[in-house]
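User: Hi! I'm new to this and would like to talk through some charged side chains. Can you show me the model?

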Amino acid sequence: MKKQLLLFAFSALALTSCKDDNLEAYDMDIMKGDWKEVKREVISGKDNKTVLYTETLTGCAAKNTLFLRTDYYVSYTAYTGSGADCTPSPKTEGRYTYDADSKVIGIKLGDEGSVNYRVDMLTAKDLKLAQQSGIFDMNGDKIPDIPYVTYKR
């Protein structure tokens with residue numbers, strides 16, 4: 001009986017301590033490709049529910065594109081102009097890191113410092129990122145508020 005109990009305990013330990021090495025590859029495979037920026041918002045850091053600011057992108061800004069590859073390459077293209085006269089700004093390229101356990105993606109574009117985002121939603125058609133670094137207090141309650149960016153395919 002002791003041998004069976006010991007075997008069970010070691011089996012349970014072995015099963016719970018295994019890391020799914022494919023989780024990162026799976027997430028990155030879903031993330032790869034073009035993502036159109038559709039919404040920016042700031043949510044209160046105090047309750048993580050109250051929306052302090054929302055901007056649904058329209059016009060040329062709705063064409064802003066984040067592009068990710070599975071080899072950790074990232075680029076961002078912003079569009080300016082009005083009406084049908086949209087002009088892409090020069091593409092900003094860089095690298096990113098991704099930790100599947102914490103769901104944190106670190107994006108470094110051009111000469112800028114790396115900015116960390118928590119991946120709040122990731123599906124084949126939706127990507128929602130919560131900024132983790134460089135955040136600020138928008139409503140003056142001395143608690144940093146969280147900027148979110150939502151992308152769609």
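Analyst: A salt bridge here means a side-chain nitrogen of Lys or Arg within 4 Å of a carboxyl oxygen of Asp or Glu.

User: Is D27 buried or exposed?

Analyst: D27 is buried, at 5% relative accessibility, while K103 is partly exposed at 27%. Buried means under 20% relative accessible area, exposed over 50%, and partly exposed in between (1.4 Å probe, protein chains only).

User: Where do these numbers come from?

Analyst: This is a predicted model, where local features need pLDDT of at least 70 and side-chain atom pairs count only at pLDDT 80 or more, while totals for chains, interfaces and linings use all residues. Residues are numbered from 1 along each chain as its sequence is written, and side-chain values use heavy atoms, leaving out hydrogens and water.

User: Okay, how many salt bridges are there?

Analyst: The count is nine. Among them, E41 pairs with K39, with the closest N and O atoms 4.0 Å apart. E41 is buried at 7%, and K39 is partly exposed at 28%.

User: Which residues are linked in a network?

Analyst: E37, R40 and E55 are linked that way, through salt bridges.
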